[in-house]
Amino acid sequence: MLFSLWALPAHGAQAPAVSASAAVLMEAESGRLLFSRNEREQLPMASTTKIMTALLTLEQPDREVTITEEMVRVEGSSMGLRAGDRLTLHGLAAGMLAASGNDAANAAAILIDGSLSAFAERMNRRAQELGLADTLFVTPSGLDSEGHYSTARDMALLARAALENEDFQNLAGQAQVSVSFLEPEGVRYYSNHNKLLGTLEGCIGGKTGYTKKAGRCLVSAAQRDGVRLIAVTLNDPDDWRDHETLMEYGFSLLERYESSSAPWEGAAAVVGGTAETVPVSAQGQANFLVPRGRASEVQRLVELPRFLYAPVKAGDPVGAVSYRLDGEELARIPLLAGADVPLQEREKGLWERLADFFHLG
């Protein structure tokens with residue numbers, strides 16, 4: 001599924017064939033989908049769940065965690081925690097994103113909210129805030145559980161929000177992370193399961209996942225020349241290849257438009273003021289994405305009224321500069337007045353002067 005300006009592939013590029021049951025390719029800046037297949041089909045998403053768990057963990061104030069038996073009573077992938085270990089909450093997030101530690105996810109959930117079910121409620125509240133309309137979280141780890149599901153579209157929206165968190169992006173984008181343990185004292189190193197970090201140009205992170213029920217699940221993000229893309233595949237036996245194909249396709253479609261000149265400046269006529277005009281300037285320069293090869297076709301339209309009525313104050317919005325392609329507005333930059341223009345007091349007429357005279361008398 002392609003939308004609006006992105007409907008025509010650049011340079012004859014064809015929409016990619018993928019093996020996934022559901023998939024999306026999202027342009028992260030606007031949230032537009034450049035490609036989709038069954039994007040709202042509710043499916044299990046395995047350990048890509050930990051994107052939400054890690055984000056919520058990293059949003060907490062960092063503090064020490066003492067690992068308990070309850071926290072590590074979980075099967076599947078692990079960062080090797082044992083009861084009695086001490087480390088930090090953010091160290092658990094590192095273990096989730098690199099080693100996909102189910103033990104780390106459970107430990108963070110229990111520390112933050114006291115139980116896995118209470119933390120799941122937190123996850124679902126945040127899902128609602130992010131507009132994840134087709135997602136329900138039951139576990140913090142992503143292990144198969146009845147009623148635990150999401151969609152390719154929702155997982156892309158979640159990744160988009162998570163990548164805005166600097167700590168999350170830093171951890172998810174490292175091929176290897178180090179975690180300092182307080183007990184037993186030392187540093188442990190974990191290799192990231194996301195091999196795209198070493199094979200895909202511009203890869204800045206993501207999260208792997210697998211269970212027998214969910215199949216292979218993968219969320220990835222990459223950035224080149226100011227274009228950031230997010231790909232999601234659910235139940236995909238050929239996910240590494242599919243993500244590379246999706247990313248190359250997306251980057252072939254888009255380029256960044258940046259106005260090369262200084263911000264627009266001009267003047268607007270003023271009626272009834274102490275000056276006949278007021279300087280006007282745009283607040284910044286245009287910077288947005290367009291279909292590749294079409295930057296030269298972008299039209300700039302200056303929208304100003306024929307005149308302004310005094311008084312005018314410096315900083316007042318008086319118009320806008322609109323950037324359009326094929327009739328669609330891609331960016332809008334406000335025009336602000338650059339000076340004060342007070343109201344011009346007119347000379348009073350005879351009857352007004354007489355009225356003032358007798359009133360004063």
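**Briefing: helix, cores, rings and a surface patch**

Helix α1, residues 50–58, is mostly covered: 9 of its 9 residues are buried. Buried means under 20% relative accessible area, exposed means over 50%, and partly exposed lies in between (1.4 Å probe, protein chains only). This is a predicted model: local features need pLDDT of at least 70, side-chain atom pairs count only at pLDDT 80 or more, and totals for chains, interfaces and linings use all residues. Residues are numbered from 1 along each chain as its sequence is written, and side-chain values use heavy atoms, leaving out hydrogens and water.

**Helix α1**
- The buried residues of α1 include K50, I51, M52 and T53.
- A54, L55, L56, T57 and L58 are also among them.
- Helices (H or I, at least four residues) and strands (E, at least two) are DSSP runs, numbered from the N terminus.

**Nonpolar cores**
- The largest nonpolar core has 64 residues. A core is a set of buried Ala, Val, Leu, Ile, Met, Phe, Trp, Tyr and Cys residues joined through side-chain atoms within 4.5 Å.
- I67, M79, L92, F168, I230 and V232 touch the most other members.
- Helix α2 (residues 89–99) gives the largest share of this core, 8 residues.
- L92 touches V65, I67, M79, L81, L87, A104, A107 and A108, not counting residues up to four places away in sequence. Contact here means heavy atoms within 4.5 Å.
- A second, separate core of 24 residues includes V270, A286, V290 and V341.

**Aromatic rings**
- The whole structure holds 4 aromatic pairs. Rings of Phe, Tyr and Trp (its six-membered ring) pair if their centres lie within 6.5 Å; planes under 30 degrees apart count as stacked, over 60 as edge-to-face and the rest as tilted.
- Y257 and F288 are stacked, at 4.9 Å centre to centre with 25 degrees between the planes.
- This pair links distant parts of the chain: Y257 is in strand β10 (residues 254–258) and F288 in strand β13 (residues 287–291), 31 residues apart.
- Y257 counts as buried at 16% relative accessibility, and F288 is buried at 4%.
- The rings of F288 and Y323 have centres 5.9 Å apart and planes at 55 degrees, so this pair is tilted.
- Y323 sits in strand β16 (residues 317–325), 35 residues from F288. Y323 is buried too, at 6% relative accessibility.
- Ring pairs link Y257, F288 and Y323 into a cluster.

**Around F307**
- F307 lies in the loop between β14 (299–303) and β15 (308–309).
- F307 is partly exposed, with a relative accessible area of 35%.
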